[in-house]
Amino acid sequence: MKIGIICYPTLGGSGAIAANLGLNLACLGHDIHFISYGIPFRLEGYHERVRYHAVEVSSYPLFKYPPYDMALACKIMEVQEKEDLDILHVHYAIPHAISAYLARQMLPDHPVKVVTTLHGTDITLVGNERSYFEATRFGIEQSHGVTSVSQYLRNATESIFKTKREIRVIPNFVNPDRLCPSNDPELRRRYARDDEKLIVHTSNFRPVKRVLDAVKIFAQIHERVPSRFLLLGDGPDLPKASNLAQELGIADQVVFLGQQSEVGRILSVSDLFLLPTDTESFGLAALEAMSCGVPVIATKTGGIPEVVSDEVDGFLCQVGDVDCMSQKGISLLLDPTKHRDFSARARLKATDQFNCRDITPLYEAYYEEVLAQPSAPATGPVSFIESECKSG
Ligand code: GMT
């Protein structure tokens, strides 16, 4: 198949999944065309079946907000005219599903089927805002196929948007051969002494991630267990997290590593992963840690329980319950046998249930299914349901 993949190129789970899916599909013999405003951050190396088409957004003094959605639609149309793609797979509904719809309307002689994958905040936060609500709903209804990364996100979409289109759950995945436990004492010693535990958090440091809770949890763990805390990524709450570490007197034990391209190397020598987030449709960061054999302490929210099993391969506490998460962390780190069992089960879960070898064919099969459907417009006119919008 010839497949166009549209995604955000910046740090984030949806871009990571889109890039890895494209690479996996290319290895299976498909021709992949990435269309975005930058090269997706996990799109490493050269692959003869992978191409990248840059969306150029020109600015003009009249434009306070340059219309990226139009530039993207025109680029999709240009690629489609030349390549005759079979499938356009858009990751993150806003604005990608709408740009794909527009491109199709502009090029009726080169029809292409659109599959939209919902990733999380495109539904639960941004898409739910009044300014985007109806367009997001329209984009979902007009897609030929829609997938979501968890059962939770499917239910949330149906309940928030009252969509009629069937949503297929295809969970996120990891490559367990690339993300695996390692014995690299030298790398580990760069961050922690041999008698210290290594605790990690990775995120985009947006308020939804509750990074300040992660710092507070570490402070409590550190009182009982000699340890260091590594935070990977960057975003708006990073300065606040750094100030909090100073205030709590643990700044010397906390290292902000910023954005890292090889998160897996650091995870592979870590002992515990913290994800005290407010909401999460899936929690790819947690799955990546588990694949490296690192147990996760997270919040019982959104799709996280579909990834982390409480008391089995990690622990789940209520959002904001810093004491609970600290206590669970301390108990795990002070009990080597329990830690070893949790670590083994976390790794097994990642390899058995979220393996890219098993999940990539689910997307392939779904594309085939969508291609086999008659190519009539996805649905009829969409009615407004104002009461469901969140204002603001
Ligand atoms: O958090 C975001 O707004 C970004 C988004 C992304 O593009 O990375 O994250 C969502 O998609 C990931 C990949 O499917 C999921 O693992 C994350 O749980 C999800 N984030 C939220 O639901 C907050």
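A crossing of two helices is called right-handed if the near helix is turned clockwise from the far one by less than a right angle, and left-handed if the turn is anticlockwise. In the predicted model described here, helix α2 passes helix α3 in a right-handed crossing. The axes of α2 (residues 68-83) and α3 (residues 93-106) come within 8 Å and cross at roughly 50°, which makes α2 oblique to α3. On the α2 side, the contact is formed by Tyr-68, Asp-69, Leu-72, Ala-73, Cys-74, Ile-76 and Met-77. These residues meet Pro-95, His-96, Ser-99, Ala-100, Leu-102, Ala-103 and Met-106 of α3. By class, eleven residues of the contact between α2 and α3 are nonpolar, two are polar and one is charged.

One of the α3 residues in this contact, Pro-95, also takes part in a cis peptide bond, which joins Ile-94 and Pro-95. The omega angle of this bond is about -15°. Pro-95 itself is found in helix α3.

Phe-133, Thr-136, Arg-137 and Ile-140 of α5 meet Thr-157, Ile-160 and Phe-161 of α6. The residues of this contact between α5 and α6 comprise four nonpolar, two polar and one charged.

The contact brings Ser-331, Leu-332 and Leu-333 of α12 to Lys-338, His-339 and Phe-342 of α13. Divided by class, the contact of α12 with α13 has three nonpolar residues, two polar residues and one charged residue.

The disulfide count of the model comes to one. This disulfide joins Cys-317 to Cys-324, with an S to S distance of 2.1 Å. The torsion about the S-S bond of Cys-317 and Cys-324 is about -70°, and the disulfide is therefore left-handed.

A further backbone feature concerns Arg-210, which has a positive phi of about 50° although it is not a glycine. Arg-210 is placed in the loop between β8 (197-202) and α8 (211-224).

As for confidence, the protein averages a pLDDT of 93, and 96% of the residues score at least 70. Over residues 380-392, by contrast, pLDDT stays under 50. For this segment, residues 380-392, the model has 32 contacts beyond four places in sequence. Where pLDDT is low, the predicted coordinates should not be read in detail.

Definitions and conventions. Residues numbered from 1 in each chain as written. Predicted model: local features only at pLDDT ≥ 70, side-chain atom pairs only at ≥ 80, totals over all residues. Heavy atoms only, no water. Axes fitted to C-alpha atoms, helices over the stretch in contact; angles between N-to-C directions. Helix = DSSP H or I, 4+ residues; strand = E, 2+ residues; numbered from the N terminus. Parallel < 35°, antiparallel > 145°, perpendicular 65-115°, else oblique. Contact = heavy atoms within 4.5 Å. Nonpolar A, V, L, I, M, F, W, Y, C, P; charged D, E, K, R; others polar. pLDDT = per-residue confidence, 0-100. Disulfide = S-S within 2.5 Å.
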